Amino acid sequence: FPEGRFGRRAVRYLVFQVDLTAKLGAFIAALLLAWPFITYWDILIDPALIDLYIPFICIYAIYFCSYYYFGGLGCALARLLFKTVAPATRLPKQRLTSPGSRQSVLR
């Protein structure tokens with residue numbers, strides 16, 4: 001992980017907070033997208049299919065859970081990208097070999 005103040009904040013956020021936030025955000029987004037269809041079931045559906053309300057709710061529950069897990073997948077992919085890309089963009093530290101020398105050595 002990268003060093004410095006930004007690196008520590010980013011790591012703290014990715015490790016502790018982002019997983020639950022993204023999962024719950026995805027779950028609530030799916031719920032908000034489906035809410036009108038669930039609420040207006042009696043109006044939108046053909047009267048012959050009114051008895052299928054319980055399977056309809058079960059399918060939407062699976063839909064909500066899949067959004068929840070895809071939110072977690074997005075966090076896992078972000079962590080993987082952060083671990084693989086961020087260390088490669090870090091600049092190496094340099095120090096002089098002696099006070100009068102211009103030659104630098106990478107640590």
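Biologist: Where do K23 and D19 lie, and how many residues apart are they?
Modeller: Both sit in helix α1, four residues apart, about one turn of the helix. Helices (H or I, at least four residues) and strands (E, at least two) are DSSP runs, numbered from the N terminus. This is a predicted model: local features need pLDDT of at least 70, side-chain atom pairs count only at pLDDT 80 or more, and totals for chains, interfaces and linings use all residues. Residues are numbered from 1 along each chain as its sequence is written, and side-chain values use heavy atoms, with hydrogens and water left out.

Biologist: What does K23 form with D19?
Modeller: A salt bridge, with the closest N and O atoms 3.6 Å apart. The term stands for a side-chain nitrogen of Lys or Arg within 4 Å of a carboxyl oxygen of Asp or Glu.

Biologist: How many salt bridges does the structure hold?
Modeller: One.

Biologist: Is K23 buried or exposed?
Modeller: K23 counts as buried because its relative accessibility is 18%. Buried means under 20% relative accessible area, exposed over 50%, and partly exposed in between (1.4 Å probe, protein chains only). D19 has 25%, so D19 is partly exposed.

Biologist: Which residues is K23 in contact with, leaving aside neighbours within four places in sequence?
Modeller: Y68, G71 and G72. Contact means heavy atoms within 4.5 Å.

Biologist: And where does G74 lie?
Modeller: G74 is part of helix α3, which covers residues 53-89.

Biologist: New topic. Which residues make the largest nonpolar core?
Modeller: There are seven: A30, A34, I38, W41, F56, Y60 and F64. Helices α1 and α3 each supply at least two residues of this core. A nonpolar core is a set of buried Ala, Val, Leu, Ile, Met, Phe, Trp, Tyr and Cys residues joined through side-chain atoms within 4.5 Å.

Biologist: What does F64 touch?
Modeller: Not counting residues up to four places away in sequence, F64 touches F27, A30, L31, A34 and I38.

Biologist: Which residues make the nonpolar surface patch?
Modeller: L20, L24, I28 and L32 make a patch of about 400 Å². Patches are made of residues with over 30% relative accessible area and no salt bridge; like charges are joined within 9 Å, and nonpolar side chains (Val, Leu, Ile, Met, Phe, Trp, Tyr) within 5 Å. Areas come from the Shrake-Rupley method with a 1.4 Å probe, and for residues only the protein chains shown count as cover. L20 belongs to helix α1, residues 5-39, and L20 counts as exposed because its relative accessibility is 52%.

Biologist: What about the chain overall, what secondary structure does it have?
Modeller: Three helices and two strands, in the pattern α-α-α-β-β along the sequence. Of the 107 residues, 19% count as buried.

Biologist: What pLDDT does the chain average?
Modeller: The average is 78, and 66% of the residues score at least 70. Over residues 103-107 the pLDDT is below 50, though this stretch has 14 contacts in the model beyond near neighbours in sequence. pLDDT is the predictor's confidence in each residue, from 0 to 100. Where pLDDT is low, the predicted coordinates should not be read in detail.
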